[in-house]
Amino acid sequence: MKTKILVSAIAFGVLLMGCTAVPIRDDSRVQNSIGAAGVGTPRLPANGESYLDNAWFAEPLTVDRAVQAALLNNPQVRVELTRLDAAQAELIQAGLLRNPMGSLMVLRPEGGGRFELDYNLMQSLFDLFTRSKRIDVANAAQARVQAEVMMSVVRIAQDTEAAYYEAMTAKDAVLLQQELLTLEQSVLVLQIRKSGQGILSSRAVMAQQANTSQRAHELRSAEAEQTKAMSALARQLGLSSVDSLRLPKHIPELTLSVLNEPELQALAQKHRPELLATNSSIEQARAEKKLQAGGLRNTDASLGIAGNRESSGFSMKGLAVQITLPIFDTGRARGMLADANIARAHYQDEATRRLIPLEVERAFATLISSTKALEHADHHFQQQQQLEALAMRNYQQGVQGYLDIMEARRLRLASRSEQLQAQRTLRLAYVDLARAMGVAMQQGG
């Protein structure tokens, strides 16, 4: 009777520990990281949510809509989110106990005689008493996977933002090259007319023809760059073709709040998911060492019930214990491996902590330089606009010729090209700083 009560108590305890509830997956930290590191208020796709249709892309894309489209329509985002499901499944699996192992033997003496029935049902004690340690390992692994998913999804959002700026710059560059080509063609027509009148030499006409051909070549090169930029943006948005892309005519100016490097460094230390990943790796390595150390792991003991019954009706039953003799595998190698993994996690954490301030420092300095470069480019463009207006007035007053107006316009368009490149550099520098910080700054573009 006492044996039955003991066996029932063990079975009930095993069943209770094996069925304990586990936490429900929470994506809020990933969503919060997207909201902090991206622009606007993007959201992640829900389970089973369909991809965006062509009607969604009929409206011109802003940078906010581009980031949202990337998160909802790029299959790679959903690939990353499935890692959270896998980590949750691993956590559930860690909380489950191994299935009991049973054995049954029917024995009979050689030459005939009575049958004998031997049976047992065993449950691993190591598996039973290390459940909490396995859950600790799985929790740390889940936190690490969550941080890695945060890094990947945030990177997709930031890459989309950079691709959007590249596409807008490439589009404006094509329009500018078209305007320059039209200008060169107008000058060529005028010079051909003057050459026919004997006012201008044929050498000047040939030189202008060469300039026009060069502009046509630069236009084709700009169109090729635009194709690449649009394709890169379409890839970020999860599209199979650039035909669905609709870009606005102009992009709003980028306005940044007052920047302070110490504050940026503090934000980076708080928001960079890499630090969460390295901390989780350390916790996972420590929990793994606790799981792999100790006598239960070395002996892999099991406890259960065993019995013997003969055909005559005589039977015996009771508790049974099985252990693995730690003769060859004493657990020393597992301990050394666990120590090495802990040390590696610590070194990786230190490397990350040293790299982040350097990245913030570099990105901040680049952004400041890019801001000043854009100020000079804006000033130069304004000067060329004034010179073009002055040339127009002089032409109307008969002081300068029409070719002088064309030259002033050519210089103004060249300064506009420099301004576009400076704007592109500034926006990409902003994205790089957001990468280094792990959080976006308030901006208006």
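Helices are taken here as DSSP runs of H or I of at least four residues, numbered from the N terminus. In this predicted model, the largest share of the lining of the largest pocket comes from helix 12, which gives 7 residues.

The largest pocket holds about 490 Å³ of space, and its lining consists of 22 residues. Two or more of these residues are given by each of helix 6 (131-196), helix 11 (332-396) and helix 12 (402-437). Nearest the centre of the largest pocket lie Glu 253, Leu 254, Leu 374, Gln 423 and Arg 427. Sorted by class, the lining of the largest pocket comprises 9 nonpolar, 6 polar and 7 charged residues.

For the second largest pocket, the space amounts to about 320 Å³. A set of 16 residues lines the second largest pocket, and Ser 281, Ala 285, Asn 341, Arg 344 and Ala 345 are those nearest its centre. Helix 6, helix 9 (273-292) and helix 11 supply at least two residues each to this lining. The lining of the second largest pocket is made up of 5 nonpolar, 6 polar and 5 charged residues.

A backbone feature was also noted at Asp 300. Asp 300 is placed in the loop between helix 10 (295-299) and strand 3 (302-310). The phi angle of Asp 300 is near 50°, a positive value in a residue other than glycine. Asp 300 counts as partly exposed because its relative accessibility is 28%, and this class lies between the limits of 20% for buried and 50% for exposed.

Definitions and conventions: Residues are numbered from 1 along each chain as its sequence is written. This is a predicted model: local features need pLDDT of at least 70, side-chain atom pairs count only at pLDDT 80 or more; totals for chains, interfaces and linings use all residues. Side-chain values use heavy atoms; hydrogens and water are left out. On a 1 Å grid over the protein atoms alone, a cavity is a set of points where a 1.4 Å probe fits but cannot get out, and a pocket is an open set with protein on both sides within 12 Å along at least five of seven lines; lining residues have an atom within 4 Å of a point. Grid points are joined across faces, edges and corners, and a volume is the space filled by probe spheres set on the points. Ala, Val, Leu, Ile, Met, Phe, Trp, Tyr, Cys and Pro count as nonpolar, Asp, Glu, Lys and Arg as charged, and the others, Gly among them, as polar. Buried means under 20% relative accessible area, exposed over 50%, partly exposed in between (1.4 Å probe, protein chains only).
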